[in-house]
Amino acid sequence: MRLVFAGILVAVLAAIVWQSTEIRGSAAIYPMVVSIGALVCSVAFLLARLLAPAPQAEGPMIGLKLPAGKGLRLAAVAAVWLAYVVALPYAGFMVASWLALFVSLAITHGRPSLTEAFGTLAFVLVFAVLIKVVLYVPVPQAWPDHQLDMLLYDWL
């Protein structure tokens, strides 16, 4: 099952890379770098899984079976990130990203602690600063994003 999902991911990422070539100007740098990087990593994972020898067997291992609990968690994480794309224009980059990461963490690792909640919040905040100050990538804005912009550009 992992190979099927990895193959779908490679196909989707290839389409995203192709679409990112349509973006003009400096706004194209970030989507192209991220999508090409994700595509290269996904292809490498897919090839490694295809070429890995099966335990106590000869030839490549093609594992299409996924335990029911893992399949359900995988579907839930996929649903969270689809909801992220929908929520992004409304909730803004920081809130939508934090919620998606936090809920994904809760789905994959069980009930997250307060430390993990603040850790994901700190990660999103640092990432938002890097995106705004270093990469100059426009992101969907909501109130927290505007406040960060005001703080950064007043401070810098």
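Predicted model: local features only at pLDDT ≥ 70, side-chain atom pairs only at ≥ 80, totals over all residues.
Local features rest on pLDDT of at least 70 and side-chain atom pairs on pLDDT 80 or more, while totals for chains, interfaces and linings use all residues. Residues are numbered from 1 along each chain as its sequence is written, and side-chain values use heavy atoms, without hydrogens and water.

The structure holds four aromatic pairs. Rings of Phe, Tyr and Trp (its six-membered ring) count as paired if their centres lie within 6.5 Å; planes under 30 degrees apart are stacked, over 60 edge-to-face, and the rest tilted. One of the pairs joins Trp-81 and Tyr-84 edge-to-face, at 4.9 Å centre to centre with 65° between the planes. Both residues lie in helix α3 (residues 68-91), three residues apart, about one turn of the helix. Helices here are DSSP runs (H or I, at least four residues), numbered from the N terminus. Tyr-84 is buried, at 15% relative accessible area. Trp-81 is partly exposed, at 31%. The cut-offs are under 20% relative accessible area for buried and over 50% for exposed, with partly exposed in between (1.4 Å probe, protein chains only).

Phe-93 and Phe-127 form a tilted pair, with 6.1 Å between centres and 35° between planes. This pair links distant parts of the chain: Phe-93 belongs to helix α4 (residues 93-109) and Phe-127 to helix α5 (residues 114-135), 34 residues apart. Phe-93 is buried at 8% relative accessibility. Phe-127 is partly exposed at 30%. Ring pairs also bring in Phe-123, giving a cluster of Phe-93, Phe-123 and Phe-127.

Phe-93 also belongs to the largest nonpolar core, which has 14 residues. Such a core is a set of buried Ala, Val, Leu, Ile, Met, Phe, Trp, Tyr and Cys residues joined through side-chain atoms within 4.5 Å. Those with the most contacts inside this core are Tyr-84, Leu-88, Phe-93, Met-94, Ala-128, Ile-131 and Leu-148. Helices α3, α4, α5 and α6 (143-155) each give two or more residues. Helix α4 gives the most, with four. Beyond its neighbours within four places in sequence, Phe-93 is in contact (heavy atoms within 4.5 Å) with Tyr-84, Leu-88, Phe-127, Ala-128, Ile-131, Val-139, Pro-140 and Asp-145. Another core lies apart from this one and has six residues, among them Ala-6, Val-10, Val-17 and Leu-39.

Ser-104 is also placed in helix α4. Ser-104 is buried, at 10% relative accessibility. Leaving aside neighbours within four places in sequence, Ser-104 is in contact with Val-77, Val-80 and Trp-81. Its C-alpha lies 8.2 Å from that of Ala-76, 28 residues away in sequence.

Helix α1 (residues 2-20) gives the most to the patch, with five residues. Phe-5 lies in this helix and is partly exposed, at 38%.

A search of the whole structure finds one salt bridge, defined as a side-chain nitrogen of Lys or Arg within 4 Å of a carboxyl oxygen of Asp or Glu. Asp-149 and Lys-132 form this bridge, with their closest N and O atoms 3.0 Å apart. Asp-149 lies in helix α6 and Lys-132 in helix α5, so the pair ties together parts 17 residues apart in sequence. Both Asp-149 and Lys-132 are buried.
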